[in-house]
Amino acid sequence: DLRAAYQLPTTGASSLVAVTIAFDVPNAEADLATYRATFGLPPCTTANGCFRKVNQNGDPAPLPDPDSGWALEGSLDLQMVSAGCPTCRILLVTATTNGFADLATATRTANRLGATVISHSYGGTEWGGMWSYASAYKLPGSVSVASSGDYGFQPALMPAVLPSVVAVGGTSLFRAGNARGWTEDVWSGAGSSCSAYVAKPAFQSDPNCQMRTVSDVSAVADPATGVAVYDSYPNPFGLPPGWMVVGGTSASAPLIAGMIGLKGNGATYRPAQAYKKPWAFYDVVGGSNGFCGGDYLCTGLKGYDAPSGLGSPKGLTGL
């Protein structure tokens, strides 16, 4: 379904895509194997050199203690990278805590170990002190992709707000009788924002935000139209371990990261490139994520809007 909705090829580059996350994901490799086998994707294991898990310093041990919420997040991220790029190799970097100092260290490690695309399904409200960590998300040889948030029209989140980062918003994805076979609206929870700290990058020209606008692009994130995830570690919802439907921009960001990995140009890709090809994205028209007088900052309108950015990928041309 994801391949069909976004016109994804079944083959592509074998990029190294990193998932940076807080705490350990104990069953990451086994759960990834179940997901990939279920959907007919080739095995991605430590043994065949496709999968690798390290701590924030790049070592296989010691790994941090696990956390049920972050473990589910890790399963979601790894499996959405797999959906976006079945041919990619995957690096899981587990930060000691969910503090930005440790997450920035994990990001630098991912870059040092050769990842050309680094996925971040986390965010904290922007603040003046974030600049001390910003350089970790602008490293030569890789591009960072981050979730815009799951609470609608709101203050911007770090790292998505950084101009070097591909900020990924969220949609509701439905089957349709049109030529595409699918249609998308703005998901009501998709994070969108006008930064209070980050200057307007040259690649953005939207009129009603004089600072950095989030998001850049988008993909399915609505839990009601969510994605299948296999997680055998006890989850924070008290649901039986195993298959569940999960959403949030925590799903759309690693999916987009996988797509960039499939294209194979993560080492040089930057958000500005998407804005040069707006026609390479499905325009998301309809839906809202808050109250802004019907403005594009919180409403799915024709052309660019903040909750969905330029829209969702129409193949890999815009990535």
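Biologist: Which side chain does the side chain of Asp77 join in a polar contact?

Modeller: That of Ser121, with a polar contact of 3.0 Å. Keep in mind that this is a predicted model.

Biologist: Where is the place of Asp77?

Modeller: Asp77 lies in helix H3, which covers residues 68-84.

Biologist: Is Asp77 buried or exposed?

Modeller: Asp77 is buried. Still, Asp77 has no salt bridge.

Biologist: Which side chain of opposite charge is nearest, then?

Modeller: Lys53, and that side chain is 14 Å away.

Biologist: What is Asp77 in contact with, leaving aside neighbours within four places in sequence?

Modeller: Val19, Ile21, Ser121, Ser250 and Pro254. Ser121 is the partner in that polar contact too.

Biologist: What does H3 reach from its first C-alpha to its last?

Modeller: 24 Å, close to the 24 Å expected at 1.5 Å a residue.

Biologist: And what happens at the start of H3?

Modeller: A side-chain oxygen of Asp67 comes to within 3.1 Å of the backbone nitrogen of Gly69.

Biologist: New topic: strands. In which sense do S13 and S14 pair, parallel or antiparallel?

Modeller: Antiparallel, over 5 bridges. S14 is residues 242-246.

Biologist: Which residue in S14 does Asp231 stand opposite?

Modeller: Gly242.

Biologist: Why is S13 called largely enclosed?

Modeller: Because 4 of its 5 residues, 227-231, are buried.

Conventions. Residues are numbered from 1 along each chain as its sequence is written. This is a predicted model: local features need pLDDT of at least 70, side-chain atom pairs count only at pLDDT 80 or more; totals for chains, interfaces and linings use all residues. Side-chain values use heavy atoms; hydrogens and water are left out. Helices (H or I, at least four residues) and strands (E, at least two) are DSSP runs, numbered from the N terminus. Buried means under 20% relative accessible area, exposed over 50%, partly exposed in between (1.4 Å probe, protein chains only). Lys and Arg count as positive and Asp and Glu as negative; His and the chain ends are not counted. A salt bridge is a side-chain nitrogen of Lys or Arg within 4 Å of a carboxyl oxygen of Asp or Glu. A polar contact is a pair of N or O atoms within 3.5 Å; within protein, one must be able to donate a hydrogen and the other to accept it, and residues adjacent in sequence count only if both atoms are side-chain atoms. Contact means heavy atoms within 4.5 Å. The expected span of a helix is 1.5 Å times one less than its number of residues. Two strands pair if DSSP finds at least two bridges between them.
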